[in-house]
Amino acid sequence: MATVSADLLEILVCPETKQPVALADPAVLEAVNAKIRSGTLRNRGGQPVVQELTEGLVREDGRVLYPVDDGIPVMLIEESIEL
């Protein structure tokens with residue numbers, strides 16, 4: 001499993017609010033994955049989220065998670081997940 005590099009993490013910000021992002025802790029990922037398994041989670045673009053996450057980036061205010069796909073942050077507003 002690839003992970004987001006520390007150098008990249010330092011410069012990434014939310015494209016919507018410009019707040020910094022940080023790696024999601026395991027409890028947040030488990031809560032999101034539980035919703036994915038139940039089939040109830042949709043991203044902010046309205047599409048169902050079907051693939052469980054091994055990594056994600058949480059906006060500083062804790063309200064939005066950006067998925068990380070094979071070490072690559074998906075920093076698109078419509079792909080983000082409201083927490």
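Predicted model: local features only at pLDDT ≥ 70, side-chain atom pairs only at ≥ 80, totals over all residues.

Reply: Residues are numbered from 1 along each chain as its sequence is written, and side-chain values use heavy atoms, with hydrogens and water left out.

Me: Why is Gln 19 called buried?

Reply: Gln 19 has a relative accessibility of 17%, and buried means under 20% relative accessible area, with exposed over 50% and partly exposed in between (1.4 Å probe, protein chains only), so Gln 19 counts as buried.

Me: Which residues does Gln 19 touch, not counting residues up to four places away in sequence?

Reply: Gln 19 touches Val 13, Cys 14, Arg 59, Glu 60 and Asp 61, where contact means heavy atoms within 4.5 Å.

Me: What makes S3 largely enclosed by the rest of the structure?

Reply: Of the 6 residues of S3, 5 are buried, so the strand is largely enclosed; a strand here is a DSSP run (E, at least two residues).

Me: How do you know that S2 and S3 pair?

Reply: Two strands pair if DSSP finds at least two bridges between them, and 3 bridges join S2 (residues 56-59) to S3, so these antiparallel strands meet the definition. One of the bridges has Val 58 with Leu 65 of S3 as its partner.

Me: Which residue of S5 stands opposite Leu 65?

Reply: Leu 65 stands opposite Ile 81 in S5, and S3 is joined to S5 (residues 81-82) by 2 bridges, in the antiparallel sense.

Technical notes:
Helix = DSSP H or I, 4+ residues; strand = E, 2+ residues; numbered from the N terminus.
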